[in-house]
Amino acid sequence: MLKPKVEKILNEQIEKEGYSFFLYLSMASWAESKGMSGIAQWLYAQSEEEKMHMLKFVSYINERGGKAVLPAIKQAPGEWKDVFVMFDEVLKHEQYISESINKIVETAIKENDFATNNWLQWFVTEQVEEESSVQQVIDKLNMLGKASIYLFDKDIMSLRTPAN
Ligand code: OFO
């Protein structure tokens, strides 16, 4: 049986995972609308993972004799200046989620709920992987950013219409 403090904080995480789902879905849709189908696919897949995370919390709370309460989820943004800004936001969001998972672990330990602590370890590992995978995307984008400016610099004169 879940203790009230653990049940409450687990329920709060449903909203955070649900927001992650909509945030990445919104980013995927934005990228798709800008013709970046590869980035869109990455984000659609990420968004599906977040939905699965949210459902894991719902099932776990119910399985442990609590009651999962499905929250209202605030609207995610729908526009970003560019992909650099967008992926920085993904990384910040994942860091926020990691902190949030750590707080739940802390609460579970304080409440002597070792089963929940044990169950949460999957998320602890998952967050390490997610932060690292987003950091890799950012690193590659930064490298490409410089390379593409170099290539564009070589190409820009070909865009001029010849003078009559
Ligand atoms: Fe990417 O976060 Fe869910 O847990």
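User: Is lysine 5 buried or exposed?
Analyst: This is a predicted model. In it, lysine 5 counts as exposed, because its relative accessibility is 56% and the cut-off for exposed is over 50%.

User: Which residue does lysine 5 meet in a salt bridge?
Analyst: Glutamate 111, with an N to O distance of 3.9 Å.

User: How many salt bridges does the count come to?
Analyst: The count is 6. Among them is one between glutamate 12 and lysine 8, at 2.9 Å from N to O. Those two are 4 residues apart in helix α1, so about one helical turn separates them. Lysine 8 is exposed at 54%, while glutamate 12 is partly exposed at 34%.

User: What about glutamate 48, which lysine does it pair with?
Analyst: Lysine 51, with the closest N and O atoms 3.6 Å apart. Both residues belong to helix α2 (residues 37–63), 3 residues apart, about one turn of the helix. Glutamate 48 is partly exposed at 43%, and lysine 51 is partly exposed at 29%.

User: Changing topic: which residues form the nonpolar patch on the surface?
Analyst: Phe152, Ile156, Met157 and Leu159, with about 430 Å² of accessible area together.

User: Where is methionine 157?
Analyst: In the segment after α4 (114–155). Methionine 157 counts as exposed, at 60% relative accessibility.

Technical notes
Residues are numbered from 1 along each chain as its sequence is written. This is a predicted model: local features need pLDDT of at least 70, side-chain atom pairs count only at pLDDT 80 or more; totals for chains, interfaces and linings use all residues. Side-chain values use heavy atoms; hydrogens and water are left out. Patches are made of residues with over 30% relative accessible area and no salt bridge: like charges are joined within 9 Å, nonpolar side chains (Val, Leu, Ile, Met, Phe, Trp, Tyr) within 5 Å. Accessible areas come from the Shrake-Rupley method with a 1.4 Å probe; for residues, only the protein chains shown count as cover. A salt bridge is a side-chain nitrogen of Lys or Arg within 4 Å of a carboxyl oxygen of Asp or Glu. Buried means under 20% relative accessible area, exposed over 50%, partly exposed in between (1.4 Å probe, protein chains only).
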